[in-house]
Amino acid sequence: MNKSLQLALCDTQGQLFELSAKRGYNSEVFIKTFMTSQVSADMDKDFHHVQWAGKEYILSRIEDENKDKLSTVGDIYDKETLYWIGYIYRYWNIYTGESSKKIYKQAPAETMQVVYLMYHTMSPEMAIDRLKESV
């Protein structure tokens, strides 16, 4: 997959995470649910139709497949943080080839929220390398 298509996937996932806030989902719960879902596993593949379906469709799949896990109770991260987390997680998958589940185990939502202020101005590669070093 060429670089511009990969970056478009990162952008879509960033927008998806932002959309979760608009829907009022608890950010930590939503992120964990997404990163450990079949939808995220499908996005990890070299090609899967869900990658090009758009953030609304992806969110509807998450909602359909994980109704019992999602919650509107609890903290919602700000939009910029959510976008960055979603973007970095997808970039991480492209950069290292690691699965979303494996990435989430190394850097859960709480970690990503804490490091956002320090890492969001770094290149994605540098932020990911730093996160991997701290595991």
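Accessible areas in this talk come from the Shrake-Rupley method with a 1.4 Å probe, and for residues only the protein chains shown count as cover. On that basis the accessible surface of the chain comes to about 6800 Å², and carbon and sulfur atoms account for 51% of that surface.

Colleagues, a word on the source. The model is predicted, so local features need pLDDT of at least 70 and side-chain atom pairs count only at pLDDT 80 or more, while totals for chains, interfaces and linings use all residues. Residues are numbered from 1 along each chain as its sequence is written, and side-chain values use heavy atoms, with hydrogens and water left out.

I turn to the overall fold. The chain has eight helices and zero strands, where helices (H or I, at least four residues) and strands (E, at least two) are DSSP runs numbered from the N terminus. The order of elements is therefore α-α-α-α-α-α-α-α from the N terminus on.

Next, the dimensions. The C-alpha trace spans about 35 × 30 × 20 Å along its principal axes. The radius of gyration, taken over C-alpha atoms, is compared with a globule rule of 2.2 Å times the number of residues to the power 0.38. For 135 residues a compact globule would have a value near 14 Å, and the chain, at 14 Å, agrees with this.

Of the 135 residues, 48% count as buried; buried means under 20% relative accessible area, exposed over 50%, and partly exposed in between (1.4 Å probe, protein chains only). Contact means heavy atoms within 4.5 Å. Among contacts between residues at least 6 apart in sequence, 72% join residues at least 24 apart.

Three residues illustrate the local picture.

Thr 12 lies in helix α1, residues 3–22, and is buried, because its relative accessible area is 18%. Beyond its neighbours within four places in sequence, Thr 12 is in contact with Lys 55 and Ile 58.

Asp 44 belongs to helix α3, residues 38–44. What does the side chain of Asp 44 make a polar contact with? The partner is the side chain of Asn 93, at 3.4 Å; a polar contact is a pair of N or O atoms within 3.5 Å, and within protein one must be able to donate a hydrogen and the other to accept it, with residues adjacent in sequence counting only if both atoms are side-chain atoms. Neighbours within four places aside, Asp 44 is in contact with Arg 90, Asn 93, Ser 99 and Ser 100.

Finally, Met 122 sits in the loop between α7 (109–119) and α8 (124–133). Met 122 is buried, with a relative accessible area of 18%, and touches Ala 127 and Arg 130, not counting residues up to four places away in sequence.
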